[in-house]
Amino acid sequence: MQNEIRQDKITGSRRFSNYFWSFFLFVGGLGFLLAGLSSYFKINFLPFTNTTELVFIPQGVVMMFYGTLSLGFSIYIIVTILLDIGSGYNEYNKLEKLVKIVRKGFPGKNREILLTYPLSNVRSIGIKITEGLNPTRSIYLCLKDERNIPLTPVQEPTAISNLEEEAADLAKFLDLTLENL
C-alpha cells in the first residue's frame, strides 16, 4: 500500500526569503517612520542620527509615507507567514486513481484549496524551464483537456538536474510520459 500512494509536501510562505524581507522591511519602515515623525515633532526618536533638522514638508512627509508603506508590506508578509499561505501537499494515489492537490489559502470560504483529478484524465508530466531575468523551473500535471496544473511551489529556481530527476520519478511512479512545455 505504501508503494501505491506518494505524497509530496509543499512549503508555503514559511521560507527564509519571507523572514528576511519581513524583518528588513519592518526595521527600515520603522526607521523611516520615526525619522518623519522626528522632523514633525522636532524630537529625536532615532538614537543614532539627528533627524529633527529635516524639513517636514516635503522630506518628513515622504519619509513617513515610505515608512508606512514599508511597515504595511512587512505586516502583510508576517501575516502570510503566520497563516502559512501556499503550504500543503500533492498526493498521487494509485489505489483510488486520483491526484489531489491541497493548499492553504487566505482565511474565508476558500481557506483550504483542494483540487482532485482522476488519473485517467492525466495525459503526462510536463517540465517548463525559462531562463532570463525571471527564471522559472516548474513541473506541471498535463491534463487531456490541455490544462497544465503547476505542481511545484513558488520558490527560488532549483537546479535543472534536480527538477528533471523529480519529474522523471513522478512520471515513472504514475506510468506517464514526460514532456517539455
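Me: What makes E1-E2-E3-E4 an open sheet, and how are the strands paired?
Reply: The four strands lie in the order E1-E2-E3-E4, with antiparallel pairing. The edge strands are E1 (5–10) and E4 (112–118), and each pairs on one side only. Neighbouring strands are turned by 10° against each other on average, direction ignored. Angles run from 0 to 180 degrees between N-to-C directions, with axes fitted to C-alpha atoms, for helices over the stretch in contact.

This is a predicted model: local features need pLDDT of at least 70, side-chain atom pairs count only at pLDDT 80 or more, and totals for chains, interfaces and linings use all residues. Residues are numbered from 1 along each chain as its sequence is written, and side-chain values use heavy atoms, without hydrogens and water.

Me: Why are E2 and E3 called paired?
Reply: Two strands pair if DSSP finds at least two bridges between them. E2 (residues 88–93) and E3 (residues 98–104) have six, in the antiparallel sense, so they pair. Tyr92 stands opposite Val99 in E3.

Me: What makes H3 a helix that packs on the sheet?
Reply: Helices are DSSP runs of H or I, at least four residues; strands are runs of E, at least two; both are numbered from the N terminus. H3 covers residues 160–174, so the run qualifies. H3 touches E1 and E2, where contact means heavy atoms within 4.5 Å. The direction of H3 makes about 150° with that of E1.

Me: How do you know that E5 pairs with E8, and in which sense?
Reply: E5 and E8 (residues 177–180) share four bridges in the parallel sense, so they pair. In E8, the bridge partner of Gly126 is Glu179.
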